[in-house]
Amino acid sequence: MTDADIKYMKEALAVDIAELLAKDFDMNITDALDALYNSETYEKLNNSDTGLYFQSAKYVYSFLKNEVLTSKFG
């Protein structure tokens with residue numbers, strides 16, 4: 001797998017996760033993407049060593065949702 005493949009997988013997951021966040025927390029997509037990009041979850045997703053980019057969007061989103069609900073956000 002190339003670096004470009006991994007980057008694509010991360011970007012595709014980010015879009016899906018932002019859509020889930022927008023739906024669950026009644027946000028527009030811009031705010032949801034901003035929230036995702038400023039989260040610990042995104043830091044972990046962006047770190048290829050974690051392997052999160054191989055997981056489903058709902059699995060990775062569960063970490064972000066927990067982060068939002070426990071005020072560990074931002």
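This is a predicted model: local features need pLDDT of at least 70, side-chain atom pairs count only at pLDDT 80 or more; totals for chains, interfaces and linings use all residues.
Me: Start with helix α1. Which residues does it cover, and how far apart are its end C-alpha atoms?

Reply: Helix α1 runs over residues 3–24. Its end C-alpha atoms are 31 Å apart.

Me: Which residues of α1 are buried?

Reply: I6, K10, L13, A14, I17, A18, L21 and A22.

Me: And what do those buried residues pack against?

Reply: Three helices: α2 (29–37), α3 (40–46) and α4 (57–69).

Me: Take α4. What are the angle and the axis distance with α1?

Reply: The angle is about 50°, and the axes are 9 Å apart. That angle makes α1 oblique to α4. The crossing of α1 past α4 is right-handed.

Me: Which residues make that contact?

Reply: From α1, they are L13, D16, I17, L20, L21 and D24. From α4, they are A57, K58, V60, Y61, L64, K65 and V68.

Me: How many of the residues in the contact of α1 with α4 are nonpolar, polar or charged?

Reply: 9 are nonpolar and 4 are charged, with no polar ones.

Me: Now α2. At what angle does it pack with α1?

Reply: About 115°, with the axes 8 Å apart. α1 passes α2 in a right-handed crossing.

Me: Which residues meet there, α1 against α2?

Reply: A14, I17, A18, E19, L21 and A22 come from α1. They meet I29, A32, L33, A35, L36 and Y37 of α2.

Me: What's the split by class for α1 with α2?

Reply: 11 nonpolar, 1 charged and no polar residues.

Me: OK, change of topic. What follows α1?

Reply: D26 follows α1, and its phi is positive, near 50°. D26 lies in the loop between α1 and α2.

Me: Is D26 buried or exposed?

Reply: Exposed. The relative accessible area of D26 is 72%.

Me: How far is K23 from F54?

Reply: Their C-alpha atoms are separated by 23 Å. Along the chain, K23 and F54 are 31 residues apart.

Me: E11 and Y42 are also 31 residues apart along the chain. What separates their C-alpha atoms?

Reply: 11 Å. E11 is in helix α1 too. It is partly exposed, with a relative accessible area of 42%.

Me: And A4, where is that?

Reply: In helix α1. A4 counts as exposed, at 55% relative accessibility. From A4 to T70 is 34 Å, C-alpha to C-alpha, and 66 residues in sequence.

Me: Let's move to α3. Is T41 buried or exposed?

Reply: T41 is in helix α3. It counts as buried because its relative accessibility is 5%, and the cut-off for buried is under 20%.

Me: Which residues does T41 contact, beyond its neighbours within four places in sequence?

Reply: V60, F63, L64 and E67. V60 and L64 are also among the α4 residues in the contact with α1.

Me: Where is K44, and what does it touch?

Reply: K44 is in helix α3 as well. Not counting residues up to four places away in sequence, K44 touches T50 and L52.

Me: Last one. How far is K44 from V60?

Reply: 9.5 Å, C-alpha to C-alpha. In sequence, K44 and V60 are 16 residues apart.

Definitions and conventions: Residues are numbered from 1 along each chain as its sequence is written. Side-chain values use heavy atoms; hydrogens and water are left out. Helices (H or I, at least four residues) and strands (E, at least two) are DSSP runs, numbered from the N terminus. The expected span of a helix is 1.5 Å times one less than its number of residues. Buried means under 20% relative accessible area, exposed over 50%, partly exposed in between (1.4 Å probe, protein chains only). Contact means heavy atoms within 4.5 Å. Axes are lines fitted to C-alpha atoms, for helices over the stretch in contact, and angles run from 0 to 180 degrees between N-to-C directions. Angles under 35 degrees count as roughly parallel, over 145 as roughly antiparallel, 65 to 115 as roughly perpendicular and the rest as oblique. A crossing is left-handed if the near helix is turned anticlockwise from the far one by less than a right angle, and right-handed if clockwise. Ala, Val, Leu, Ile, Met, Phe, Trp, Tyr, Cys and Pro count as nonpolar, Asp, Glu, Lys and Arg as charged, and the others, Gly among them, as polar.
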